[in-house]
Amino acid sequence: MKLARPESMHDVATHYCPGCGHGIIHRLIGEVIDELGIREKTIGTAPVGCAVLLYNYMNFDVIECSHGRPPAVATGMKRMMPDRIIFTYQGDGDLAAIGTGETIHAANRGENITVIFVNNATYGMTGGQMAPTTMTGQWSTTTTEGRGKHGEGPPLRVCEMLATLGGVAYLERVAVNSPKAIAGARRAIKKAFENQMAGVGFSLIEVLSMCPTDWKLSPKESLAFIDQEMKKVFPLGVFKDVTGEGTSV
Amino acid sequence: MAEKVLLQGNVAMSEGAVQAGCRFFAGYPITPQNEVPEYMSERMPQVGGVFVQAEAEVAAINMIFGAASTGARCMTSSSSPGVSLKQEGISYIAAGELPCVIANVQRAGPGLGGIRGAQGDYFQSVKGGGHGDYRLIVFAPASAQESYDMTMAAFDWADHYRNPAMILTDGIVGQMSEPVELKPYKPACSLPEKDWILDGCKGRAPRIVRTLYLHPVERLIDHNRHLAAKYAKIEAEMQDAEEYRCDDAEVIVAAYGATARVAKAAVNMARDEAMKVGVLRPKVVWPFPVKFFKKHARRVRKWLVVEMSSGQMIEDVKLAIECSKPVEFLGWGGGWYPTGESILEKVREVYR
Amino acid sequence: MLQMGRVRINVERCKGCGLCVGACPTGHLEMGKELNQSGYPYARTVSGKKCTACGLCYRMCPDVVIEIEGK
């Protein structure tokens, strides 16, 4: 057994903070793309957010999109190159605030793409403002009295919301806050890419991820924050599966 | 002579795109260009292309961004308020040096405005409606035939320069039907190999389409220098205008699109009254046909600019002649249409 | 690069987050006191503990700092 840097990842340091979940998720995507042998026909999209520089880290074609628009960009690419593997990688602001329309409609059209949705309940890159998934009562730089005090409404549950759409093929929420959770996330991400390869349709994996910097917690405390706080609002599980198989084992 | 059919301007524009090899169209309904997505929804599948009715103009321009990055010839269309929505996406496409065609069938504004034709988006089109230093190659058809011809050529020029191109038409040209000769496609210019497309890194290093350059500072400045050099080249090579009865004209009417056709009628009437008048009609409004204006600048006593706006192109006319002569204006935004008589009356006044 | 048994640690890539330490089921890893060139303390193996090359540290690390040798 050998565990090493996936070929789908460049051998460079990342700019992510210590303990940030992005690094884990990037590596899982790299591992899965390597395992499925699809690196040379994969094109990824980079969001606006901490992961805007994803193309510096991933060893395949990537297009940098404007905020929220990756599902539309992916639609244009996949419709023109149906045999390539197109995936989006988006944070909570990208996918569930400014990009809500693109997310819902690409999902409902059933675009045969893979969406990796990184939910860390904050706007990381810009310093910790409220995200659509910031939880009720949670502090942020724009909800210093806690979300919900001034008409913000409750957090958006993307998997639950998209599960009502007929065009969606697969929805699963996972986490990366423990080795066991990471193993589950890897299975789900692999399934989402396999679905695209098999022409199954729109697959989205929501990944609860750590942001120690904005949460003002240590990396170790951030792992617990996901277990103790986030999972209560965003339970893990499969929310839609047209294949009926659940995650690949 | 190729087949000649009666076609609406919007449809002629769409068919010109199809003949040029456009195989991806994304758009959203908005009057007065609904015929474009409607026509494309049937035509794209017929030629093995893809039509997507996007959820909004913002989504549509981003679908174009994606399709263009794969090397496909792609197009979106809208009318003024919808084109406002596309501006961020257009800035990204220009910054990423991706080719595509964007049609604006202008309607009256500002705001929700009205659905009559207008020319109130000239500034937005040629001065950069989106953020940052970029330019669009902007074609200004004045007939259904030009809608067909110019759109067909626009795909070639967009590929040639790796830059988005715009068809700046209006609700009058878009809605009226005229005979159109369906000329077969012939490249308007040389077409370099698309060695920048994102189609998977098999047998090559990965490619990136990006517009963010943070470090070092010089990198983004250099990119801007590169873009500026490209635009200087386009300015030198693509100026185009029609000179109608200009050779001895003492007053020249400058107008584009539907307005220019009415201006020609007015100029004919003025000639019947022994006035030496002509029409100078920019066919491409960016780059502005400066050399055509300079050619007549010394002889012409006065210029009259007529636009279906409250005065936008007039600024470029003044710049082109370096404010060397008086430049008068006729026009209003908001759906005002010129008539032969109204232009003639103004010509008489200017000619004195 | 720190080679410790079957665990190879890229010292200069470590950001001192410590998640590997928590992930290791045998207490085989610890954060050292020295700083790397980026100013972070880095992970190192604890001598006297048995590494089974389970790979949980590799799995948990956000920066691909740790690689595990094959048998």
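1. Start with one bridge between the chains. In this predicted model, Val62(A) has Ile208(B) of β9(B) as its bridge partner.

2. That bridge belongs to a strand pairing across the two chains. β2(A) pairs with β9 of chain B, residues 208–209. The sense is parallel, and the pairing runs over two bridges.

3. Now the wider contact. Chain A contributes 28 residues and chain B contributes 31 residues. On the side of chain A that touches chain B, four elements each supply at least two residues: β1 (42–46), β2 (61–64), α2 and α4.

4. Which element of chain A gives the most to the side that touches chain B? It is α2(A), with eight residues. By residue class, the side of chain A splits into 13 nonpolar, seven polar and eight charged.

5. Helices α2 and α4 of chain A also pack on each other. α2(A) covers residues 70–80, and α4(A) covers residues 100–109. Their axes are 7 Å apart, at an angle of about 40°. Angles under 35 degrees would count as roughly parallel; α2(A) and α4(A) are therefore oblique to each other.

6. The helix contact can be listed by residue. From α2(A) come Pro71(A), Ala72(A), Ala74(A) and Thr75(A). From α4(A) come Glu102(A), Thr103(A) and Ala106(A). Four of the residues in this contact are nonpolar, two are polar and one is charged.

Terms used:
Residues are numbered from 1 along each chain as its sequence is written. Chains are lettered from A and ligands numbered from 1 in the order in which they are written. This is a predicted model: local features need pLDDT of at least 70, side-chain atom pairs count only at pLDDT 80 or more; totals for chains, interfaces and linings use all residues. Axes are lines fitted to C-alpha atoms, for helices over the stretch in contact, and angles run from 0 to 180 degrees between N-to-C directions. Angles under 35 degrees count as roughly parallel, over 145 as roughly antiparallel, 65 to 115 as roughly perpendicular and the rest as oblique. Two residues are in contact if their C-beta atoms, placed from the backbone, lie within 7 Å. Ala, Val, Leu, Ile, Met, Phe, Trp, Tyr, Cys and Pro count as nonpolar, Asp, Glu, Lys and Arg as charged, and the others, Gly among them, as polar. Two strands pair if DSSP finds at least two bridges between them.
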